[in-house]
Amino acid sequence: IALCFVALFSDFLANEKPIVCSYKGVVHFPILREYLIDMGLTTRHPDLLIPDWQNLLYDWAIPAPIPYSITNQHSGDGSLSPFAPQIGHSLHLRHWLGTDDLGRDVLSAMIHGTRVAFMVGILSMSISFILGIFIGSLAGFWGDDGLKIPRIYLFTQPFFLFLAYFYGFYTRSYTIADALSVSFVNFVLQGAISLGIFIFVLVLGYYIFRPIARSKGFFGKNVSIAVDLIITRCMEVLSSIPLLVVILVVLSVTRPSIYSIMAILGLMGWPNIARFVRAELLRIRRLEYIEAAHALGFGTLRVLLRHALPNALAPVFIVVAFGIANAILIESTLSFLGIGSVELTWGKLLDLARDEKSNWWLAVFPGFAIFMTMTLFNLIGEGLIDALDPRLKE
């Protein structure tokens, strides 16, 4: 809970901008305004375009607890040990965990690195969670003979799938990349538009050939799709590819960013979740209450969503807890190797410690943070195993 609080409110905990201030008789909320600027909803105030926040003559101000950001150089003396005398610094302006070789405050970097770590872990596993449940449900609940579609869609939908990808994502790749450079909100908006185009083209192809699919001829006959076999082979292929190799290949042809790393981790991590969902649904779909639901005339989708899937998610939460820890470790490893995000993260601080071996604090504090975060999420995973084990409940 403490780490989540630090991640959510890192901008308010460590920032050279005040939380709220009065300047020239006008009350400003600089940090909140920065959020609105990133969302494209406003612009900077004319009086505060390029201010020296620490030396600005406020009427009054409520500063952040740590009055340093991670983007600017604060100390002209270069690296400072946490125990070194800091002449002229009050307790509020003290660098409590020292500075790096460029004079950037380490405590501020630790606080903002917590946000990066949690963003990578939680958002990447959210992508894996959604994909894993959807794909695992297809494989486990329908199996190799449960999903039947008219034969016409076997010939037409692959073509419309290609068109959906082409017009939804390929032709708009530069638009999505430019939106990412503007703000994360614009990136999400353009991604949602591309996803809408993708779904629209697939639905269009479905309804165009729907009259033929409803006919009694050759193309209207239902055929079984071996989704379990196809998905299982795909999971085996993806699981056999080293994740670090995939990340290096993708980042070599795209602009490295934290969002690219999250997307890669999410798209490569779904087989672990899908495997558990598939195994549980293969067991659950043969149980009496599922057969009773079918006998009562409930639709397949309702039986899956209301009765089968909720009882198959217990192992998934355990995988998610361990997956978050693994994603945080991978991001720290990439930052340590100088790959991916240019932000000052925990792994980047470890990389700085490798260059300046005498700056022990650049290795101790981020290393301890990575260790503690990994330990906490692993303990959460083990706790979920104990809490969800029916044998312990008995």
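The model is predicted, so local features are reported only at pLDDT of at least 70 and side-chain atom pairs only at pLDDT 80 or more, while totals for chains, interfaces and linings use all residues. Residues are numbered from 1 along each chain as its sequence is written, and side-chain values use heavy atoms, with hydrogens and water left out.

**Salt bridges**

- A salt bridge here is a side-chain nitrogen of Lys or Arg within 4 Å of a carboxyl oxygen of Asp or Glu, and by this rule the count comes to eight.
- One of them joins R115 to D11, with the closest N and O atoms 2.8 Å apart; R115 belongs to helix α4 (residues 106-142) and D11 to helix α2 (residues 10-13), so the pair ties together parts that are 104 residues apart in sequence.
- Accessibility is described by relative accessible area, with buried meaning under 20%, exposed over 50% and partly exposed in between (1.4 Å probe, protein chains only); D11, at 16%, is buried.
- Another salt bridge forms between D228 and R278, whose closest N and O atoms are 2.6 Å apart, and this pair links distant parts of the chain, with D228 in helix α9 (residues 227-240) and R278 in helix α11 (residues 258-284), 50 residues apart.
- Of these two partners, D228 counts as buried at 10% relative accessibility, whereas R278 is partly exposed, with a relative accessible area of 21%.
- Within helix α11, R283 and E280 are three residues apart and therefore separated by about one helical turn, and their side chains meet in a salt bridge at 2.8 Å, N to O.
- R283 is partly exposed at 44% relative accessible area, while E280 is buried at 19%.
- Salt bridges that share partners also join K17, E34 and R44 into one network.

**Helix packing**

- Helices α4 and α9 pack at an angle of about 135°, with their axes 8 Å apart, where axes are lines fitted to C-alpha atoms over the stretch in contact and angles run from 0 to 180 degrees between N-to-C directions.
- That angle makes α4 oblique to α9, because angles under 35 degrees count as roughly parallel, over 145 as roughly antiparallel, 65 to 115 as roughly perpendicular and the rest as oblique.
- The contact, meaning heavy atoms within 4.5 Å, is made by I135, L138, A139 and W142 of α4 together with V227, D228 and I231 of α9.
- The axes of helix α12 (residues 288-295) and helix α13 (residues 300-308) come within 10 Å and cross at roughly 145°.
- On the α12 side this contact is made by Y289, I290, A293 and H294, and on the α13 side by V303, H307 and A308.

**A glycine in a loop**

- G338 is found in the loop between α14 (314-336) and α15 (346-355), and at 47% relative accessibility G338 counts as partly exposed.
- From C-alpha to C-alpha, G338 and G121 are 19 Å apart in space, and they are 217 residues apart in sequence.

Conventions. Helix = DSSP H or I, 4+ residues; strand = E, 2+ residues; numbered from the N terminus.
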